[in-house]
Amino acid sequence: MTRRKLEEQFFKLLMILATILVSGSFFLIVGTIFYKGVPYMNWDMISKTPGGGFYIGKEGGVLNAIIGSMYIAGGATILGLFISIPVAIFINMYMDGKKFLLDTLRMVFDVLFGIPSIVYGAFGFLLMIYFGVRASLLGGIIAVTLLVIPILVRTLDEVIRTVPGELRDAALALGSTRWETAKVVLRAIKPGIYTAVLLSFGRAIGDVASVLFTAGFSDNIPTSLHEPAATLPLAIFFQLGSPVAEVQGRGYASALILTIVVLVITLLSELLLKRSYKNKI
Amino acid sequence: MTFEQPHINVQGLNVQIGNNHILKDINIEIPNKKVTSIIGPSGCGKTTLLKTFNRLIDNTSDVKVTGKVLVDGENIYDPNIEITHIRKKMGLLSQRPYPLPMSIYDNIAYGPRIHGSPKKKDLDILVEDQLRNVGLWEEVKDRLNAPATRLSIGQQQRLCLARGLAVGPEMILGDESTSALDPLSTKIIEDLFITLKEKYSIVLVTHILRQAARVSDYIIFVYMGRIIEYGPAEQILKDPQEQLTKEYVKGYIT
């Protein structure tokens, strides 16, 4: 009896400790960034591009990286959506009865989902060399699009599968074609599409390896797709590598900016996900 | 049972899903402008039979259908047939209401819109007519633009019926259409079936014998994928000829 009780207590304690470790490290990470970043946070950081001596501690900000990241994450998500929605619709609405092929496709997407982003970066880089494109906003967007497509496809696939088959039958029974039925399904999953967009945007904006060779880096805000673009993760990397304390501090401030962006996006996606389940038919 | 001008004529129909032989050599005729109920225990194939009439069965994976289903003399399993044209002829009322994710108005207007480009004025008239047909107009006329999902389940089911009728079908297929409804809504739907048979041929799948008795002109009893008995409702329920039908009607097999 006591042995069983002891065992129960022991494992319960282990579980509590593990939970504290995980949630604690979240607060520790966010806390550290706040602690180290807030003193260097100022209006200039988010409203100016790096000035002449920015990297030795003189004036300027990381507006170039903020805008660059927004461009790349936004562009990749939009481009990815145009490719992923047709894929998700196709595998769910046009592949009835082809179970083996369907399972294989889903497995392929799972594998793609798990491929490290540096591989997408390297692949994007090869594509760029082949087409003679230099490190640029366009290159970055293409590499990150490759990265987010599996996320979008998987999320949309999951969401479409929550739509009851009877709703499709209802549309089909009214004489809809498959495509017309797909449009009904897309309407039904609208909140799910927002969620997929936010998930993809969150992943895209935080990724460093895929943009490392493809987007390059620039102190200027890109004005065309062919100019190199800075990204927040790379800006953090460069600043933290500096021996100047001021610049390192700004690195943490940049990390703070990135974290806040991702945090807001995560919270928004949680909210939309909850709403999409509430409105489920 | 044979009829002079059957609306549906099923000849040698067999349905296999994977290795299961769901329907075995079905030969039946469904009369015009009558209510025909398909009864039988769960899993006997009655819903599958209904789904072969509008070819929704096509969406089942690993399904194999052989034989003929003639609707108005036209074999709907003919490879050259336009499937949307077949489905337009039949309104489906499923077990639970599944309103389309749009407004009450758009739910009714959906069918007419995909099959043509009706004018707004004609559509307004059509929507009102169909909602009146199912006795929903007075209840919803002030909120036609509200999402259809805000209606009660009973109202949603009537909306789904009106949505099906708006396409201008010849036939209504009901798949245990009242099983999710409260007794009052059930009565409204049953009464609608009785009124609607003046204009439409109605085929209902039901496992409620008393419902079959209340609404049907003819009853088909299906057991283990075979038609056991088919006849006028009165006869099937009161004086069945087959031993299995007797047992089912008395409640020995469920």
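**A tour of chain B**

In chain B, contacts between residues 24 or more positions apart account for 68% of those with a separation of 6 or more. Please keep in mind that this is a predicted model.

Stepping back to the overall form, chain B contains ten helices and ten strands. Its C-alpha atoms fill a box of roughly 55 × 45 × 35 Å along the principal axes. A compact globule of 254 residues would have a radius of gyration near 18 Å, and chain B, with 18 Å, agrees with that. Of the 254 residues in chain B, 46% are buried.

Now turn to where the two chains meet. Chain B brings 24 residues to the contact and chain A brings 20 residues. On the chain B side, helix H2 (83-88), helix H3 (104-115) and helix H6 (153-165) each supply at least two residues. The largest share, four residues, comes from H3(B).

Finally, have a look at one of the sheets. Strands of a sheet pair through backbone hydrogen bonds, either parallel or antiparallel. Here, four strands of chain B form an open sheet in the order E2-E1-E4-E5, with antiparallel pairing. Strand E2 (20-30) and strand E5 (74-75) of chain B stand at the edges with a single partner strand each, so one side of each has no neighbour in the sheet.

Note on methods: Residues are numbered from 1 along each chain as its sequence is written. Chains are lettered from A and ligands numbered from 1 in the order in which they are written. This is a predicted model: local features need pLDDT of at least 70, side-chain atom pairs count only at pLDDT 80 or more; totals for chains, interfaces and linings use all residues. The radius of gyration is taken over C-alpha atoms; the globule rule is 2.2 Å times the number of residues to the power 0.38. A residue is buried if 20 or more other C-beta atoms lie within 10 Å of its own, exposed if 12 or fewer, and partly exposed in between; C-beta atoms are placed from the backbone. Two residues are in contact if their C-beta atoms, placed from the backbone, lie within 7 Å. Two strands pair if DSSP finds at least two bridges between them.
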